[in-house]
Amino acid sequence: MGKSAATPRRKPNVLITGTPGTGKSSLAERVAAAVEGFKRIDVSQLAKEQDMLEEFDEELDTHVIDEDKVLDHMEEHGLGGDAGGVVVDYHGCDLFPERWFDLVVVLTCDNAVLYDRLQARGYSDKKIRGNVECEIFQTLVEEARDSYEESIVKVCASDTIDDMEENEKAIVEFVGAWKSSV
Ligand SMILES: Nc1ncnc2c1ncn2[C@@H]1O[C@H](COP(=O)(O)OP(=O)(O)OP(=O)(O)O)[C@@H](O)[C@H]1O
């Protein structure tokens, strides 16, 4: 993964996105554990903990986050300053300011593998179908490419534990190679 030094951040900020179940939380946890001083923000978890949820969306079978509140909170807690060193994971990417991130990793997964993972979570058939369709249509890949500069968007397979280890290694290397522009 190439280095981008367009910002004065001392450490890069990394966004991990992808369809639910592709492995964002698992990878973000590993990265945060592997890089000293790196902080993780799981956006869904944050919205729940800080009571920043809007109504329950019956159609999507999930809570909708209050984006304005979540973004303000994130800006104040690490994304707004020059320190950097935040790894964020969320199943969306077009809500965040483009300037926040130096690397955007989109995880993808084989449809059958994803189906099994979501079924193992006890999701309804409808919710599984919705998410697998999201993966088939490569919705998050397109959203990331529409929202961020092409050179910082990396699409990575996340089918196996080997993939996860490889993705972790690539992100850790990217962070290690980072040099601030000031
Ligand atoms: N690359 C992988 N290889 C094998 N299993 C994986 C991989 N990535 C994730 N898993 C497993 O798949 C399940 C879902 O992973 P995880 O919770 O990290 O996904 P997620 O993308 O963060 O989902 P959500 O958006 O719903 O939070 C977990 O049981 C995890 O252990």
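**First stop: helix H7**

Select Asn167, Ile171, Phe174 and Val175, the buried residues of H7; a residue is buried if 20 or more other C-beta atoms lie within 10 Å of its own, exposed if 12 or fewer, and partly exposed in between, with C-beta atoms placed from the backbone. They cover an arc of only 100 degrees around the axis, so they are on the same side of H7; the arc is that of the directions from the helix axis to the C-beta atoms. This is a predicted model, in which local features need pLDDT of at least 70 and side-chain atom pairs count only at pLDDT 80 or more, while totals for chains, interfaces and linings use all residues. Residues are numbered from 1 along each chain as its sequence is written.

Helices (H or I, at least four residues) and strands (E, at least two) are DSSP runs, numbered from the N terminus. Now turn to the opposite face of H7, where the exposed residues are Ile161, Asp162, Glu165, Glu173, Gly176 and Ala177. Returning to the buried side, display its cover, which includes E1, H1, E6 and strand E7 (153–157).

**Second stop: Val105**

Select Val105 in strand E6 (residues 103–108). Val105 counts as buried because it has 28 C-beta neighbours inside 10 Å. Beyond four places in sequence, Val105 is in contact (C-beta atoms, placed from the backbone, within 7 Å) with Val14, Ile16, Lys154, Cys156, Asn167 and Ile171.

Which residues are the closest to the ligand? Among the 15 residues that surround the ligand, these are Pro20, Gly23, Lys24, Ser25 and Ser26; a residue is near a molecule if its C-beta atom, placed from the backbone, lies within 6 Å of it. H1 and helix H7 (161–177) are the elements that give two or more residues to this shell.

**Fourth stop: the annotated positions**

An unreviewed UniProt entry lists Gly21, Gly23, Lys24, Ser25, Ser26 and Arg121 under "binding site"; such annotations may be inferred rather than shown by experiment. Select Gly21, in the loop between strand E1 (14–18) and helix H1 (24–34). Gly21 is buried, because 26 C-beta neighbours lie inside 10 Å. Leaving aside neighbours within four places in sequence, the contacts of Gly21 are Cys109, Leu114, Arg117, Leu118 and Asn131. Finally, select Ser26 in helix H1; with 17 C-beta neighbours inside 10 Å, Ser26 counts as partly exposed.

Note on methods:
Contact = placed C-beta atoms within 7 Å.
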